[in-house]
Amino acid sequence: MSTWGGHGLRGSTLEDMINRTNESYRDKGLALIQKIPTPITPIEMNAKKQITLAYFDSKSTVDYIGTIQGIPVCFDAKEAQVDTFPLINVHEHQVKFMEDFEKQGGVSFIVLFYTHRNEMYYLPFTKLKFFWDRMRDGGRKSFRFDEIDRTMMIRSKGEFLCHYLEPLNIDLSTRE
C-alpha cells in the first residue's frame with residue numbers, strides 16, 4: 001500500500017501524456033478512453049474537508065478503459081528507469097482483469113515508458129502474460145528491454161504525445 005505523495009505517483013508524467021493524447025483522440029473522434037481513478041482511503045482531513053493523508057487501496061483494475069473505433073480496450077501505464085522491468089510492478093489482479101477483458105473480446109496492453117531512454121512501447125497482453133507465466137513457473141521475475149518488440153514503439157505525432165493507436169493496429173493485425 002502506497003501513501004499519497006509516495007511512489008504511487010511515479011507515472012504522472014506518462015499519465016499526463018496519455019491523458020492529453022486521449023483528449024485529442026476524443027476531439028478527433030478516434031477513441032473514447034477514460035482514466036480510472038485510483039481508489040484511496042482517506043486517513044486525515046483538514047478543516048476545509050481536504051484530504052491531507054490517505055492510502056492507495058491495494059486493488060484496482062487498470063489505469064485506462066474505453067473504446068477505439070468500436071473495439072473495447074483497457075491498458076495500464078508503467079515506467080521503467082532501467083532496462084529491466086520488475087514484474088512486481090504489475091499486480092496479479094491487474095493481470096487477471098486484463099485476461100478476463102481479453103476473453104470478452106477486448107484488447108489489453110501496457111504502455112511502458114523507459115524514462116532513461118525516453119522511449120515508449122506498447123506491450124500486448126499476450127507478451128505480458130508470457131513474462132508473467134514465466135515468472136510464475138520459476139523463471140525471471142522481470143523482463144529485459146531486449147525482450148520487447150521494437151516495432152511496437154509508441155511515437156509522438158503532433159498533438160498525440162503518446163500515439164498508441166499505431167502499435168495497437170499492429171497488435172490487431174496479428175490476432176485472428
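View 1. Asp-100 forms a salt bridge with Lys-96, the closest N and O atoms being 3.0 Å apart, where a salt bridge is a side-chain nitrogen of Lys or Arg within 4 Å of a carboxyl oxygen of Asp or Glu. This is a predicted model, in which local features need pLDDT of at least 70 and side-chain atom pairs count only at pLDDT 80 or more, while totals for chains, interfaces and linings use all residues. Residues are numbered from 1 along each chain as its sequence is written, and side-chain values use heavy atoms, with hydrogens and water left out. Both partners, Asp-100 and Lys-96, belong to helix H2 and stand 4 residues apart, about one turn of the helix; helices (H or I, at least four residues) and strands (E, at least two) are DSSP runs, numbered from the N terminus. Asp-100 is partly exposed at a relative accessible area of 31%, and Lys-96 likewise counts as partly exposed, at 43%; buried means under 20% relative accessible area, exposed over 50%, and partly exposed in between (1.4 Å probe, protein chains only).

**View 2. The buried side of helix H2.** Helix H2 runs over residues 92-103, and its 12 residues reach 17 Å from the first C-alpha to the last, close to the 16 Å expected at 1.5 Å a residue, the expected span being 1.5 Å times one less than the number of residues. Gln-94, Val-95, Met-98, Phe-101 and Glu-102 are the buried residues here. They cover an arc of only 125° around the axis, which puts them on the same side of H2; the arc is that of the directions from the helix axis to the C-beta atoms. These buried residues pack against strands E4 (64-68), E5 (71-80) and E7 (107-114) and against helix H3 (125-136), contact meaning heavy atoms within 4.5 Å. On the face of H2 turned away from its buried side are the exposed residues Glu-92 and Lys-103. After H2 comes Gly-105, whose phi is positive, near 95°.

View 3. The side chains of Asp-133 and Lys-129 meet in a salt bridge of 2.8 Å, N to O, and both residues lie in helix H3, 4 residues apart, about one turn of the helix. Asp-133 counts as partly exposed at 24% relative accessibility, whereas Lys-129, at 16%, counts as buried. Salt bridges that share partners join Glu-99, Lys-129, Asp-133 and Arg-136 into one network.

**View 4. Asp-63 and its surroundings.** Asp-63 lies in the loop between strand E3 (51-56) and strand E4, and it counts as buried because its relative accessibility is 12%. A polar atom of the Asp-63 side chain lies 2.8 Å from the backbone nitrogen of Ala-77. Leaving aside neighbours within four places in sequence, Asp-63 is in contact with residues including Glu-15, Gln-34, Lys-35 and Ile-36, as well as Phe-75, Asp-76 and Ala-77.

**View 5. A salt bridge between two buried residues, Lys-78 and Asp-76****.** The closest N and O atoms of Lys-78 and Asp-76 are 3.0 Å apart in this salt bridge. Lys-78 counts as buried at 11% relative accessibility, and Asp-76 is buried with a relative accessible area of 3%. A search of the whole structure finds 16 salt bridges.

How values were computed
Polar contact = N/O pair within 3.5 Å; in protein donor to acceptor, adjacent residues only side chain to side chain.
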